[in-house]
Amino acid sequence: MPLILETQSATLTNYEVLTHIKTKRERYDKIASARVAQSYGNEKEPGIEFMLREITNYLEGPNSHLASPCPYDSTTIRRLFEALQPYELTKAELLMFLNLRPHSTSVLDVVIEENDQRFSEETQKDILRIVADVLGENDEAMSDGHGEQNGHDRSDENTVAMSPR
């Protein structure tokens, strides 16, 4: 786990935040147990307990790529960054790959700035294959039919018209 030397000096992925929160929670739980054992009063601070619970619930929620069992481990970030190095992606784009785990070229358009101008359609598919190989298949891609299947991006076929509010 990365050591935080200066606050706000780097951007973290959702995985790094979750790992940090889990570590802090373990330490917090040990301290709270020790306080109870020594009869110092309230075992847990409600504000801290609420914050830790809500962040963990959000990052491990049913719509999260980090839901248990988590497909990422301590080497995942390095492996993804090394695999995508030839494409000269920015740090922000690489972080978005980890947080969103794109599964189609339409999602790739959101992650990569000027995607269509920087990469051919074949290169975009290569990038998506690398993401799937390193991060695992995206559940959304398999369940909602929006992912690329047989090399064909089906996102346009399943477009739903939405009415304005």
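Me: Is K22 buried, partly exposed or exposed?
Reply: In this predicted model, the relative accessible area of K22 is 36%. Buried means under 20% and exposed means over 50%. The value for K22 therefore places this residue in the class between them, which is partly exposed.

Me: With which residue does K22 form a salt bridge?
Reply: The closest N and O atoms of the pair are 2.8 Å apart. A salt bridge requires a side-chain nitrogen of Lys or Arg within 4 Å of a carboxyl oxygen of Asp or Glu, so the pair qualifies. The partner of K22 is E60.

Me: How many residues apart in sequence are the parts that K22 and E60 tie together?
Reply: K22 belongs to helix α1, residues 14-37. E60 is found in the loop between α2 (46-59) and α3.

Me: Is E49 buried or exposed?
Reply: The relative accessible area of E49 is 15%. Because buried means under 20%, E49 falls within that class. E49 is buried.

Me: Which helix holds R25, the salt-bridge partner of E49?
Reply: E49 and R25 form a salt bridge, with the closest N and O atoms 2.8 Å apart. R25 is partly exposed, at a relative accessible area of 22%. E49 lies in helix α2, and the pair ties together parts that are 24 residues apart in sequence, R25 being in helix α1.

Me: Which residues are linked in a network of salt bridges with E122?
Reply: The side chains of E122 and R129 meet in a salt bridge at 3.6 Å, N to O. E122 counts as partly exposed at 46% relative accessibility, and R129 does likewise at 44%. The network joins E122 to D126 and R129.

Me: How many salt bridges does the count come to?
Reply: The pairs described above include K22 with E60 and E49 with R25. By the 4 Å rule, the count comes to 6 salt bridges.

Me: Which element gives the most residues to the largest nonpolar core?
Reply: The largest nonpolar core has 20 residues. Two or more residues come from each of α3 (76-84), α4 (91-100), α5 (105-111) and α7 (121-135). The element that gives the most, with 6 residues, is α7.

Me: Which residues are in contact with L80, leaving aside its neighbours within four places in sequence?
Reply: L80 is among the residues with the most contacts inside the largest nonpolar core. In soluble globular proteins, nonpolar side chains tend to be buried together. With those sequence neighbours left aside, the contacts of L80 are F97, L98, V131, V134 and L135.

Notes:
Residues are numbered from 1 along each chain as its sequence is written. This is a predicted model: local features need pLDDT of at least 70, side-chain atom pairs count only at pLDDT 80 or more; totals for chains, interfaces and linings use all residues. Side-chain values use heavy atoms; hydrogens and water are left out. A nonpolar core is a set of buried Ala, Val, Leu, Ile, Met, Phe, Trp, Tyr and Cys residues joined through side-chain atoms within 4.5 Å. Buried means under 20% relative accessible area, exposed over 50%, partly exposed in between (1.4 Å probe, protein chains only). Helices (H or I, at least four residues) and strands (E, at least two) are DSSP runs, numbered from the N terminus. Contact means heavy atoms within 4.5 Å.
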